[in-house]
Amino acid sequence: MDEKLKNLLRAVKTTAVAAGHAAGRAAEATGRKAGEVVEQTKLSLRIIDLEGAINDHYREIGRLVYASKDETVIETSTIEEQIRMIDEKREEIDQIRSKIDSLKRTRKCPNPDCGKRCNKDDRFCASCGAVLE
Ligand SMILES: [Zn+2]
């Protein structure tokens, strides 16, 4: 093998090993943070799943209402069951958002027209200016 090429490969290998060690140290230093990010991602994905399921319930309600045009009796109990399942999933989403708040050290703005996430230490909502108690 050409001597220049050998030296180049040796340099690349040394750099790669050093980079590997540095990456290992960085992962150790941010280990807890990385775990939190994974947890937040899992929780966010669960919210996406629940929102998808809620949309399926809305679709089913629409189908039931549409089907009622050919029937004399609307199956309100079936529609109510769909509404109940939507409410359950919305409640679970609220609980998950609270968990994400404690992981990210944020909280929900108390203004019902706003509801933006603010930093836990903020005194006012950055979006609407509401006082955060
Ligand atoms: Zn607000």
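Predicted model: local features only at pLDDT ≥ 70, side-chain atom pairs only at ≥ 80, totals over all residues.
Student: What is the phi of Arg 105?
Tutor: Good one to ask about a backbone. Most residues other than glycine have a negative phi. Arg 105 is not a glycine, yet its phi is positive. Just after α3, the value for Arg 105 is about 55 degrees.

Student: Let me step back to the whole chain. Which pattern does the protein follow along the sequence?
Tutor: Start with the inventory: the protein has 3 helices and 2 strands. Taken in sequence order, these elements give the pattern α-α-α-β-β.

Student: Which element has the highest mean pLDDT?
Tutor: Across the protein the average pLDDT is 86, and 85% of the residues score at least 70. Helix α1 (residues 3-29) has the lowest mean among the elements, at 69. At the other end, with a mean of 94, is α3.

Student: How far apart are the end C-alpha atoms of helix α3?
Tutor: Helix α3 covers residues 76-104, which makes 29 residues. At 1.5 Å a residue it should span 42 Å.

Student: What percentage of the residues in the protein are buried?
Tutor: Here a residue needs 20 or more other C-beta atoms within 10 Å to qualify. Of the 133 residues in the protein, the share that qualifies is 2%.

Student: Then what percentage of the contacts with a separation of 6 or more come from residues 24 or more positions apart?
Tutor: Two residues are in contact if their C-beta atoms lie within 7 Å. Among contacts in the protein with a separation of 6 or more, residues 24 or more positions apart account for 30%.

Student: Now for some residues of α3. Which class does Met 85 fall into?
Tutor: Met 85 belongs to helix α3, and its C-alpha is 7.9 Å from that of Ile 54, 31 residues apart in sequence. Since Met 85 has 15 C-beta neighbours inside 10 Å, it counts as partly exposed.

Student: Is Thr 76 buried or exposed?
Tutor: Thr 76 is part of helix α3. C-alpha to C-alpha, Thr 76 is 9.9 Å from Ile 61, 15 residues apart in sequence. Thr 76 has 11 other C-beta atoms within 10 Å, so it is exposed.

Student: One more, please: how far apart in space are Ser 98 and Lys 108, C-alpha to C-alpha?
Tutor: Ser 98 lies in helix α3. It is exposed, with 12 other C-beta atoms within 10 Å. Ser 98 and Lys 108 are 10 residues apart in sequence, and their distance in space is 8.3 Å.

Methods:
Residues numbered from 1 in each chain as written. Helix = DSSP H or I, 4+ residues; strand = E, 2+ residues; numbered from the N terminus. Expected span 1.5 Å × (residues − 1). pLDDT = per-residue confidence, 0-100.
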